[in-house]
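This report looks at selected local features of one protein model, moving from a residue in a loop to the packing of a pair of helices.

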Amino acid sequence: RIQFWPPANIGDASSAEAILDRMISLYSSSLQENLGSGAFRSVRPNTRTFNMVLNAWSKKGGAECGGRALSIWKRLNIIALEEERNGETYSRPDVITFNTVLAALAKSADVENRDGKEKIVGEAAAQKAVELLDSIENPNVQPNQYNHGKNRGLTHIEPDEISYNTTISALANASKNCSNGVHLAVDAENLMTRMKKRGIEPSSYTFNSVMLVWGRSSGGLQSAQRAEALLRSMANPTIVSWTTVMNAYALADSARKVESLLNELEQQATEQNDHHLCNSIVLYNTVLHSLGRSSDDDAPTRSEALLQRLERGSSYLPKPDFISYRLVLTALEHCKHPDKALRARSVLDRFLQSMKKQNILPPLLQDNIQEAFNSVLTACAYTPSNASVHFRHEAARILVETFRDMNSYDWPGNGEDGNTKRNNGSIQESYTLFIQGCSHLLGSSPCERQVLITSAFRECCRKGLLNLVIWDKFCKFVPLEIIRSTLEDHLGYNIDHTFETVTVRFEDLPQKWSERSTS
């Protein structure tokens with residue numbers, strides 16, 4: 001049976017469906033008179049058989065799972081109608097069948113339609129889920145592709161809380177890749193209203209999902225305010241409820257509103273002596289995220305202040321995690337403050353110190369430490385041109401020190417070569433940022449600039465991390481004679497001495513210089 005066959009359990013949906021097709025074919029053949037006793041009647045698929053195949057598609061996810069689930073659903077209903085005429089209910093779809101099809105459509109709704117071809121993905125998949133739910137809510141209508149007509153096939157199925165929540169989730173998934181998803185949010189809220197009319201009380205999961213669609217709808221401040229109105233209507237909002245609304249305001253560039261919601265929560269916690277919501281670092285990271293996205297000029301300063309408050313701690317405040325530090329660094333690297341390099345380096349130092357105390361698996365820890373170093377290098381490389389001489393000198397100093405510290409850092413979980421577990425693309429970005437920063441900050445010291453850039457270039461080549469971007473920047477910022485001596489004297493690459501311009505193509509350079517490159 002399919003439920004005991006591995007493909008149905010591990011998600012090999014195509015193989016599971018192929019077996020179902022074979023079972024249907026053998027059973028149909030066994031009904032023919034020329035097969036006598038009908039030896040294959042025992043392989044007749046029942047409701048559970050179909051549900052197992054649908055579940056395999058739902059587990060698999062991806063672009064095709066929604067379409068395949070709909071196809072199987074239609075086939076099952078045709079079989080059920082034929083059985084109904086014969087007074088049988090052997091292969092009758094049930095609410096599990098229905099909800100599994102909705103789940104598969106929700107998975108496909110999470111897939112973006114990149115090539116523009118007609119597919120049951122994204123918004124189209126979400127719309128199919130809504131249409132399917134409509135057909136179950138109103139079975140006594142004219143025949144259509146889902147219900148096959150009045151009082152036939154599907155009148156016994158009653159949509160439950162899972163049915164509505166899964167359909168709303170499909171709308172939430174589709175809204176991620178929709179440029180204007182206000183209509184999806186309206187549909188989601190209408191579904192919640194229909195739940196109530198059927199006597200199904202929406203759960204916090206329902207509310208959170210509808211608020212999520214509003215937050216992703218690209219409707220700006222009005223959509224965020226609608227999400228907040230739903231939050232206010234909840235009897236017991238969860239931490240997810242609050243952070244969903246906060247994210248909606250963050251997407252609407254309303255960081256100050258996010259901060260006011262945090263203040264409201266903290267005040268409630270103090271008044272009620274119940275800090276269970278404020279104990280979550282997710283809540284504070286959501287606020288830091290909103291500050292990182294904010295167009296307010298002082299948002300990075302407010303972000304640092306909140307981080308310092310978490311670092312100082314209290315009886316209920318959570319300790320910052322690696323995400324907290326990364327969010328503040330991101331806010332700093334993109335701001336236009338003249339002293340951002342100094343401030344970013346301070347956050348990096350505290351971040352590295354805190355990481356020693358946290359139990360994080362090496363691969364995750366390495367990726368975040370590498371990105372933290374890159375944030376500081378970015379802050380240095382993009383120090384405003386109108387910054388004072390003092391801040392530009394400080395940025396140059398921090399650039400060199402940070403690049404040096406990154407290369408000498410005792411990376412956790414490394415292999416014998418010290419690099420095997422780190423993300424090579426992020427390391428390449430470090431070299432790109434360093435060269436960019438040297439060019440930007442050391443214009444008045446050309447000799448020092450050339451020495452630093454050529455040294456970094458040689459090291460990059462020896463580590464096999466050279467890519468086209470690094471090569472182009474090296475050629476752009478270093479004089480021709482230095483390029484020639486670097487390639488020949490230091491890296492042993494013989495070039496044509498007759499050339500007077502840099503005509504060496506990147507693809508002609510030794511392959512070993514790029515053997516670990518990701519681009």
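Contact here means heavy atoms within 4.5 Å. The structure is a predicted model, in which local features need pLDDT of at least 70 and side-chain atom pairs count only at pLDDT 80 or more, while totals for chains, interfaces and linings use all residues. Residues are numbered from 1 along each chain as its sequence is written, and side-chain values use heavy atoms, with hydrogens and water left out.

Ala-387 lies in the loop between helix 17 (362–381) and helix 18, where helices are DSSP runs of H or I with at least four residues, numbered from the N terminus. Leaving aside residues up to four places away in sequence, Ala-387 touches Pro-338 and Arg-392. Ala-387 counts as buried because its relative accessibility is 9%; buried means under 20% relative accessible area, exposed over 50%, and partly exposed in between, with a 1.4 Å probe and protein chains only.

Helix 18 (residues 389–408) contains Thr-402, which is buried with a relative accessible area of 0%. The side chains of Thr-402 and Arg-345 are joined by a polar contact of 3.0 Å, that is, a pair of N or O atoms within 3.5 Å, of which, within protein, one must be able to donate a hydrogen and the other to accept it, and residues adjacent in sequence count only if both atoms are side-chain atoms. With residues up to four places away in sequence not counted, Thr-402 touches Arg-345, Leu-348, Phe-373, Val-376 and Leu-377.

| Residue | Phi | Loop |
|---|---|---|
| Ser-218 | about 65° | between helix 9 (204–216) and helix 10 (220–233) |
| Asn-273 | about 50° | between helix 12 (255–272) and helix 13 (281–293) |

Asn-273 counts as exposed, at 65% relative accessibility.

The axes of helix 2 (residues 13–30) and helix 4 (residues 65–85) come within 13 Å and cross at roughly 20°. That makes helix 2 roughly parallel to helix 4, a label for angles under 35 degrees, whereas those over 145 count as roughly antiparallel, 65 to 115 as roughly perpendicular and the rest as oblique. Glu-17, Leu-20, Asp-21 and Ile-24 in helix 2 meet Arg-68, Ile-72, Arg-75 and Ile-79 in helix 4. The residues of this contact divide into 4 nonpolar, no polar and 4 charged.

Note on methods: Axes are lines fitted to C-alpha atoms, for helices over the stretch in contact, and angles run from 0 to 180 degrees between N-to-C directions. Helices (H or I, at least four residues) and strands (E, at least two) are DSSP runs, numbered from the N terminus. Ala, Val, Leu, Ile, Met, Phe, Trp, Tyr, Cys and Pro count as nonpolar, Asp, Glu, Lys and Arg as charged, and the others, Gly among them, as polar.
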